Amino acid sequence: MIPRIHKRGSETIGLIRYLYGPGTHEEHTDPHLVAAFDPLTPDPGRDPKATCGQLQRLLDQPVNALPAGRRPKKHVWHLSVRASPEDPMLSDDDWAAIARRMVAATGIAPDSGDAACRWAAVRHADDHIHIIATLVRDDGRRPRLHNEARHAQTEARLIEADYGLRRITPGDGTAAKRPTSAERHKAERRGQQRTPREELREAVRRSVAGAAGEEEFFGRLGAAGLLVRRRIAPSGDTLGYTVALPGDRNGKDEPVFYSGSKLAPDLSLPRIRERWTQNPDDPTQQPALPSVTGPASARRRTTSAAWRALLVIDHGDDGIIAAQIAATGEVLDALAQTSAAHTRHELQAAATAFERASRSHVRAVRGHDHALRRAARDLVHSGPALGRGEDGATTAMVIDMLVFLITAAEHWHARKQHAQQAQAAHRAAAHLRAAYPAAASNPMALLHQQGSRLAPSWQRHHATAVRHALPKLADRILAEPSWPALAATLHEARTTGHNPTTLLTQAAALRELDTAEHVSDVLVWRLRRMAYLPADPQNSQARRASGARAVSAPGHPAHIGTRPANGSPRQR
């Protein structure tokens, strides 16, 4: 149940004619009265003898009874109440009862016995009603309205419980503006699943993801096929911008432009410019660094940046945490637009869901999110990734890490009582988990084969390492389907000079593993990242066949494999 108080007006007849009329785009059907302050109130929709003028004069009587100097300039109060799409269709009697509860809760017609305002509730669609009231009581006084929007929301939560409707999480005023009824009906008539407002919001989000500056941002908007208008000051500086879809036009055949702030609070130009703020604690930080050479490298860097952000969310200040969470949204947008087809749908859904989690009343302290924003830039500039090989495997690696990062964001929002944001992060994590099997199936299958082919003595050796490093989780890990893949990774790490027990201990110390759905999968990607192993097992086989050195950390020597790949453990 979604109540919305509209701007107050000065002409009662204008709103009445709109409510009983066909609508801006012929979307109104069977307009009629469901409730009013007086049961004998005329209904222009169902009574052929009643007129809109009669209803207007009845509602305006207390206003017109006042001397001209005492009449309020804005005396028309307007509340719409909409059911959620998942809710069952409510009857006129249901809507009448809801209307009475709303005017009582907001102070228009309180249950306390005080003189009430005159009001009427009109239904012209299956899923919502409009309540119109005039803000002068019959005794000539003004109603006592205080925080009526908050009271309407509170009453809506009670109505949801009483009628068994979908429970809407209370908002905090930071959500993106919802499409209007006219916008939705226009999209439906055109056979479009989303409104232009929603399409533009996603396009602008993708354009700003990792952008290093204003010119790059506007260049991306144009490259995305949007119509862009800049608002220029006399000095030549850009003050703001508006965007439109080329095919979205009004009745005069003109493009319908939306300002960034009308798409989402953080898409206004001043808020976007905050993203390019530098960290005052890092004077060497550059606003734009060279992009990495390929999608796989970009995904590895993103995994590392996500890990560092995870530590900040665990231990940082609120403003810095908010910046990391906002930048995580940019990473998701960048990953979604550069991923292969078999993961793209779920990654786009994750980015769309997380958009709501990227904003709250905690203002982001920008500049500290440079690593994530650079990772988003690397993803965009490295180009589309293939769904196989190192590109596909590193996609699985970064998804695995992002699940942890977004879950941490969900927990932070929950601690701050940001209910909508916590739910949005939860949905985003679910979409990432759905994308993970598609990305991980090939590399994990290859690792599973390699682990299954290990000599029994090696399998026992690696199982012992797991029991030493992770005694509480060992039985669970060894029983998981992905255990052979983990065994293969431990074996590969050993052949490149790493101590498997030490690696496992370090991986477990980085962050708890108990809440992971598949601990073996998490450890595979953590160990391959920590040991600088190729994400794709086929790359490891090629290196061993050619005698190439292992991947090494920047500034660290590579370890040369000196132990047999499938032989028995050597005795020390």
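Author: A residue is called buried when its relative accessible area is under 20%, exposed when it is over 50%, and partly exposed in between (1.4 Å probe, protein chains only). The areas themselves come from the Shrake-Rupley method. The model is predicted, so local features need pLDDT of at least 70 and side-chain atom pairs count only at pLDDT 80 or more, while totals for chains, interfaces and linings use all residues. Residues are numbered from 1 along each chain as its sequence is written, and side-chain values use heavy atoms, with hydrogens and water left out.

With a disulfide taken as two cysteine sulfur atoms within 2.5 Å, the count is 0.

Next come the charged pairs. A salt bridge here is a side-chain nitrogen of Lys or Arg within 4 Å of a carboxyl oxygen of Asp or Glu, and the whole structure holds 36 of them. One of these joins Arg8 to Glu148, with 3.4 Å from N to O. Arg8 sits in the loop between strand E1 (2–5) and helix H1 (12–20), whereas Glu148 belongs to helix H4 (residues 148–163), 140 residues apart. Helices (H or I, at least four residues) and strands (E, at least two) are DSSP runs, numbered from the N terminus. Arg8 is partly exposed because its relative accessible area is 40%; Glu148, at 12%, is buried.

A second pair is Asp378 with Arg301, whose closest N and O atoms are 3.5 Å apart. Asp378 is in helix H13 (residues 370–382) and Arg301 in helix H10 (residues 295–315), so this pair ties together parts 77 residues apart in sequence. Asp378 is at 0% relative accessibility and so counts as buried, while Arg301, at 27%, is partly exposed.

Helix H13 also contains Arg373, which pairs with Glu330 of helix H11 (residues 318–338), so parts 43 residues apart in sequence are tied together. The closest N and O atoms of Glu330 and Arg373 are 2.8 Å apart, and both residues are buried. The two belong to a network of salt bridges that links Asp266, Arg275, Glu330, Glu355, Arg359 and Arg373.

Some charges lie outside such pairs. Patches take residues with over 30% relative accessible area and no salt bridge, like charges being joined within 9 Å. Arg4, Lys7, Lys177 and Lys262 form a positive surface patch of this kind. Lys262 lies in helix H8 (residues 260–263) and, at 46% relative accessibility, is partly exposed.

How values were computed:
Patch = residues over 30% accessible without salt bridge, like charges linked within 9 Å, V, L, I, M, F, W, Y side chains within 5 Å. Areas by Shrake-Rupley, 256 points an atom, 1.4 Å probe, with all protein chains shown as cover. Lys, Arg positive; Asp, Glu negative; His and termini not counted. Charge placed at Lys NZ, Arg CZ, Asp CG, Glu CD.
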